[in-house]
Amino acid sequence: LSATSSTPVPVPKPLLPSPPPTEATWQLDELLADLGHTQSKLAAAGKGAGVPTESLLDNMLDSLTRDLQELGITAAPAGVCAACRKPIAGKVLTALGKTWHPEHFTCAGCGKELDKGPFFEQGGRAFCEEDYHQAFSPRCAYCAGPIREVSASRPGHPPPPAAPSAQLFLQKVLTALEQTWHPEHFFCAHCGKVFGDEGFMERNGKPYCHQDFLAMFAPKCQGCERPVLDNYLSALDGVWHTECFVCTECLSAFTSGSFFELEGRPYCELHFHQRQGTICHSCGLPVSGRCITAMGRRYHPEHFICTYCLGRLHKGTVREHGDKMYCQACYDKLFV
């Protein structure tokens, strides 16, 4: 999209053979200019009312011009108006490579006169600033309003500031997600914060700040529930920070590379068996093989012995006293 902003300026009158300027000549030029202006205004009004004013004014101008020529005064037109195709007597405006009556150089959209301010050109036609932007400028994906300045930018980053202009109020444009935005309207879809130098992250066509994106969409560590970004491992149907994958009870790392699972949580061997109630009552170590259960306790077979003689005990011959177990012979010797 190409757009230029221009200000029509009067051009010097053509140099034509004519007598030295006098006060009368100057007054005549003003009269011709006023008459031409009146002609244009009345012609425009006459179109709606059906009043044949053009031929009357044309005749007046022609008669005045002939009278001046008889007096030796030449009133040469300054050009032909590109709008009404009539000669321009008096003030002339040059724009778009053509000459115009000042009152005929108007916006192609709203008809506003453009002789005293800037204008935009599109397809050989002149537009006021507002109509040009409404018709041709890119639209903000958030507010749908026109964006009044187009400049290159990296996705997620505002463009550099535009040079100041004394004539036009210019806005910046930001291009991201294959759309254009006012920079102040390109913000996080969750928290509404405008993106800074950190840029943004995209999900389902919407922009998010890094903090909200990670909180909403990044996988969470099963240990600390914070987002997992790197250095992670997969276990127990989830992902973990490596430093978070430890025994749930003692928080020690699994140096051997193996662990025990209970209700979806990892445990070392000792605390797994403690939770399961499979610790030898005698040595305090896990029972992972053959197990003897007596008096509601569990024992390694080799640790199921008489407290007094240390002989192996056998079910059916065990006697208990003071939370300790004895063989029948030792029990009788000590307590009977």
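R297, E320 and D323 are joined in a network of salt bridges, a salt bridge being a side-chain nitrogen of Lys or Arg within 4 Å of a carboxyl oxygen of Asp or Glu. The model is predicted, and for that reason local features need pLDDT of at least 70 and side-chain atom pairs count only at pLDDT 80 or more, whereas totals for chains, interfaces and linings use all residues. Residues are numbered from 1 along each chain as its sequence is written, and side-chain values use heavy atoms, with hydrogens and water left out.

The structure holds 4 salt bridges, and another of them joins D115 to K116, with the closest N and O atoms 3.1 Å apart. D115 belongs to the loop between β3 (98-100) and β4 (119-122). D115 is buried, with a relative accessible area of 19%, whereas K116 is exposed, with a relative accessible area of 74%.

From these charged pairs the reader can turn to the nonpolar side chains. In soluble globular proteins, nonpolar side chains tend to be buried together. The largest nonpolar core here has 14 residues, of which Y299, F304, C306, L313, V318, M325 and C327 touch the most other members; such a core is a set of buried Ala, Val, Leu, Ile, Met, Phe, Trp, Tyr and Cys residues joined through side-chain atoms within 4.5 Å. At least two residues of this core come from each of β14 (292-294), β17 (324-327) and α6 (328-335), and β17 gives the most, with 3 residues. M325 has contacts (heavy atoms within 4.5 Å) with residues that include Y299, F304, C306, L313 and V318, and also R319 and E320, when residues up to four places away in sequence are not counted.

On the surface, Y308, L334, F335 and V336 form a nonpolar patch with about 410 Å² of accessible area together. Patches are made of residues with over 30% relative accessible area and no salt bridge, like charges being joined within 9 Å and nonpolar side chains (Val, Leu, Ile, Met, Phe, Trp, Tyr) within 5 Å. Y308 lies in the loop between β15 (297-299) and β16 (318-321).

Taken as a whole, the protein has 6 helices and 17 strands, and 31% of its 336 residues count as buried. The protein exposes about 20800 Å², of which carbon and sulfur atoms supply 54%, with areas computed by the Shrake-Rupley method with a 1.4 Å probe and, for residues, only the protein chains shown counting as cover. Among the contacts in the protein with a separation of 6 or more, 26% are between residues 24 or more positions apart.

Methods: Helices (H or I, at least four residues) and strands (E, at least two) are DSSP runs, numbered from the N terminus. Buried means under 20% relative accessible area, exposed over 50%, partly exposed in between (1.4 Å probe, protein chains only).
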